[in-house]
Amino acid sequence: MKKIYIAALLLISTTTSVFAQEATPVPEKPVHFLLSVNGGFGFRTARISQDVPQNLRSHFQQLRSGPVISLEIGAKVSPSTAFTLSYSSLSMGNENFVFTEQTTIGTPLGPRVVTIINRLSTNDRISVITGNWLSFVPVNDNGTVLFTSKLGIGAATFRSNNTLQVDQVGSTSFIVNGTGLALTGGGGLDFKISKSLFFSLNAEFTQAKANVRSNTNSANNEDAEEGLSNLRLTGGLRLVL
């Protein structure tokens, strides 16, 4: 009987040990790879300069908004914190804008005022590259919805491709570009689709300006300050592995 009792104790001890091992949680990876791809719409918030001629202001009004694409890659070092590098591009364009100018020309009968018809096409792009700190805070109890916040610092570049066609004279093309400091902040919501995949809705604001210059050789080609501040509203996918 004593031998049977000892054997039963050994069996219970072994079983308890097995169950304890099975209940031990698998430790989570300390660092997770993070990749986000987003698309949406953006708006320039800087005002149009008072130096822009009145007959061109409506052209530049059409260059204040356009599509946005963005890519972000980094490491999620804890459930609530990530560090990333991001690229975002805001594109704007307006084709064949017609404006007129009046000039005086000499003729055999004396000076004469003529109207010149111009056509201007412009394609602008603001690109922002920043290093970022991201925060994730659960909104509900099961963690399927996360509130995200973002702060970043980096550089903003501006490139404007222009073609000016002057009636009965010809056309010329020129580029205006420059780079400046960029500060970015924003927030959004992540909706969990699966263990590693989230659908994201984001709003980000970038404060930036740059000294820009055209590639023409004119005597008055001097640096000018260009406001690059913009608001971007995007949606996309975030992968956490």
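1. A salt bridge here is a side-chain nitrogen of Lys or Arg within 4 Å of a carboxyl oxygen of Asp or Glu. Glu72 and Arg238 meet in this way through their side chains, at 4.0 Å from N to O. Glu72 sits in strand β2 (residues 65-78) and Arg238 in strand β9 (residues 230-240), so the pair ties together parts 166 residues apart in sequence. Strands are DSSP runs of E, at least two residues, and helices are runs of H or I, at least four, numbered from the N terminus.

2. The model is predicted: local features need pLDDT of at least 70, side-chain atom pairs count only at pLDDT 80 or more, and totals for chains, interfaces and linings use all residues. Residues are numbered from 1 along each chain as its sequence is written, and side-chain values use heavy atoms, with hydrogens and water left out.

3. Arg238 also forms a salt bridge with Asp190, with the closest N and O atoms 2.7 Å apart. Asp190 lies in strand β6, so this pair ties together parts 48 residues apart in sequence. Both Arg238 and Asp190 are buried. Buried means under 20% relative accessible area, exposed over 50%, and partly exposed in between (1.4 Å probe, protein chains only). Arg238 has 4%. Glu72 is buried too, with 7%.

4. Arg232 and Glu204 make another salt bridge, 3.0 Å from N to O. Arg232 is in strand β9 and Glu204 in strand β7, 28 residues apart. Arg232 is buried at 5% relative accessibility. Glu204 is buried at 15%.

5. These pairs belong to a wider picture. Glu72, Lys150, Asp190, Glu204, Arg232 and Arg238 are linked in a network of salt bridges. The whole structure has eight salt bridges.

6. Now the nonpolar interior. A nonpolar core is a set of buried Ala, Val, Leu, Ile, Met, Phe, Trp, Tyr and Cys residues joined through side-chain atoms within 4.5 Å. The largest has 14 residues, of which Ile126, Ala156, Phe158 and Leu228 touch the most other members. Strands β3 (81-107), β4, β5 (145-166), β6 and β7 each give two or more residues to this core. β7 gives the most, with three residues.

7. Leu228 deserves a look. Leaving aside neighbours within four places in sequence, Leu228 is in contact (heavy atoms within 4.5 Å) with Arg44, Ile126, Ala156, Thr157, Phe158, Ala208, Lys209 and Ala210.
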